[in-house]
Structures are given as structure tokens and as C-alpha cells.
Amino acid sequence: MMTTIAYDQLPTLAGTDLGHTEYRTVTQDQVNLFADATDDHQWIHVDPERAKDGPFGAPIAHGFLTLSLAVPFWTELLDVQGVSTKVNYGLDKVRFPAPVTVGSRVRMRAVIAEVVEVRGGYQIAVDQTIEIEGGAKPAVAARGLYRFLA
């Protein structure tokens, strides 16, 4: 569910649970395109036949592909109005606790951990967890840093 707020309300968001996004299915086409873009063609990602006999029983998404889904997921959760610029400032404490097999469905849960004033605006730190449907562990746990400038 989308949270929409005005820029001047950002400081009030610390501790806010933004909930979770809709699920998305990770496809082999996505994995292959990511492999081409990053030049990472390891067989556990791009060879479905060989991956069936591998450690995960199927091909898996690259960890960084799964992490990159935070970008479209983020746009489902928070819209800050009245800003001139929105910037993905970085990440802290990124972990990949569980692999995402091709065909799995994933979604992101986000909690705003803190809001700090920075030159020209505010920076928010968001605890982001990309969950695998039916999985015991998340695929990604990271703290995203976003800046909103007036």
C-alpha cells in the first residue's frame, strides 16, 4: 500500500512500517538479461538443465538482481510530494540470506528506521527485506538510504 506524504512531513516518519509490496515473479529471462548486463554467466544462474542437479535444484537469481528489485518495489511504498529531487543515496548492511530460485515470487517489506536532516533536505534510512513467498529466510536484508531535496 502506497504512503503519500508532503516533504515537510518527512521528519515524522521515523519508525513507520510502510508494509509490503505486491509479489513479483523472478523469471529466467530476467536472470539471463542481468547476466548479460553484468557479464556474470555462472551456470547456477543461466543453465536451467545443469542447475537442476546443482545445490539449489533450479537456477537462481543473482543476489544483486534480487537487490535491484528494491528500486521498483520502493516506488510502490512511498511517494514524497513537494520535492525537487529524489536520490538513491546508497545501501548499508546488505545481506543475501537465501537464494531466489527462478519462478519464485518475491516482495519487499520496508520500515523507516531514521530520518536525518542533510544539506538541502532529508535522508531516510529504510530497513528493506525482500521476502520469498513461502520462504523461511529473506532473499535480501539491507538498509536503503534515500535523499529527498527541497
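How far apart are the mean positions of the 13 positive and 18 negative charges of the protein chain? They are 5 Å apart, where Lys and Arg count as positive, Asp and Glu count as negative, and His and the chain ends are not counted; the place of a charge is taken as NZ of Lys, CZ of Arg, CG of Asp or CD of Glu.

Before I go on, please keep in mind that this is a predicted model, in which local features need pLDDT of at least 70 and side-chain atom pairs count only at pLDDT 80 or more, while totals for chains, interfaces and linings use all residues. Residues are numbered from 1 along each chain as its sequence is written, and side-chain values use heavy atoms, with hydrogens and water left out.

Let me turn to the overall fold. Along the sequence, the pattern reads β-β-β-α-α-α-α-α-β-β-β-β-β. Taken along the principal axes, the box filled by the C-alpha atoms is roughly 55 × 30 × 25 Å. Of the 150 residues in the protein chain, 38% are buried, meaning under 20% relative accessible area, whereas exposed means over 50% and partly exposed lies in between, with a 1.4 Å probe and protein chains only.

Now to the aromatic rings. Rings of Phe, Tyr and Trp (its six-membered ring) pair if their centres lie within 6.5 Å, and planes under 30 degrees apart count as stacked, over 60 as edge-to-face and the rest as tilted; by this rule there are 3 aromatic pairs. One of them joins tyrosine 7 and tyrosine 122, a tilted pair with 5.4 Å centre to centre and 50° between the planes. This pair links distant parts of the chain, since tyrosine 7 is in the loop between strand 1 (3-6) and strand 2 (17-20) and tyrosine 122 is in strand 7 (residues 121-132), 115 residues apart. Both tyrosine 7 and tyrosine 122 are buried.

Phenylalanine 64 and phenylalanine 96 form an edge-to-face pair, at 5.5 Å centre to centre and 75° between the planes. Here phenylalanine 64 lies in helix 4 (residues 63-68), and phenylalanine 96 lies in the loop between strand 5 (85-95) and strand 6 (105-118), 32 residues apart. Phenylalanine 64 counts as exposed because its relative accessibility is 56%, while phenylalanine 96, at 37%, counts as partly exposed.

Methods
Helix = DSSP H or I, 4+ residues; strand = E, 2+ residues; numbered from the N terminus.
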